[in-house]
Amino acid sequence: MFQKIANILSIVSFVLVSSVIGGGYFGYKYVTSEQFQTKMMNKVLGGVGDMMPKVLDQGLPKTTGISIPTLPKK
């Protein structure tokens, strides 16, 4: 009886470990693929593109000053 339970548990353990290793491998292959990188770049650049006009309108000054403030000569 104990032998049957131990065999079933070992088979279940093997299936679980195999699925975790397989899922990790295929997940890594997907994340490092060109298709995934292209998809992420499109999402990031799309979000930034929608934000940029609003940020540029609010954040850019009308005029600029001198680049390095210096004390006047005495």
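**View 1. The whole chain and its accessible surface.** The protein exposes about 7,300 Å², of which carbon and sulfur atoms supply 70%; accessible areas come from the Shrake-Rupley method with a 1.4 Å probe, and for residues only the protein chains shown count as cover. This is a predicted model, in which local features need pLDDT of at least 70 and side-chain atom pairs count only at pLDDT 80 or more, while totals for chains, interfaces and linings use all residues. Residues are numbered from 1 along each chain as its sequence is written, and side-chain values use heavy atoms, with hydrogens and water left out. The protein has two helices and zero strands (DSSP runs numbered from the N terminus: helices are H or I, at least four residues; strands are E, at least two). Of the 74 residues, 1% are buried (under 20% relative accessible area; exposed is over 50%, and partly exposed is in between).

**View 2. The end of helix H1 at Val 31.** Helix H1 covers residues 2–31 and includes Val 31. Val 31 has a relative accessible area of 43%, so this residue is partly exposed. Apart from neighbours within four places in sequence, Val 31 is in contact with Phe 36 and Gln 37 (heavy atoms within 4.5 Å).

**View 3. An aromatic pair, Tyr 25 and Phe 26.** Two aromatic pairs are counted in the protein (rings of Phe, Tyr and Trp, the last by its six-membered ring, with centres within 6.5 Å; planes under 30 degrees apart are stacked, over 60 edge-to-face, the rest tilted). Tyr 25 and Phe 26 form an edge-to-face pair, 5.2 Å centre to centre with 75° between the planes. Tyr 25 is partly exposed because its relative accessible area is 46%; Phe 26, at 59%, is exposed.

View 4. Met 41, Val 44, Leu 45 and Val 48 make a nonpolar surface patch of about 360 Å² (residues with over 30% relative accessible area and no salt bridge; nonpolar side chains, namely Val, Leu, Ile, Met, Phe, Trp and Tyr, are joined within 5 Å, like charges within 9 Å). A salt bridge is a side-chain nitrogen of Lys or Arg within 4 Å of a carboxyl oxygen of Asp or Glu. Met 41 belongs to helix H2, residues 34–59. Its relative accessibility is 48%, so Met 41 counts as partly exposed.

Key:
Buried means under 20% relative accessible area, exposed over 50%, partly exposed in between (1.4 Å probe, protein chains only).
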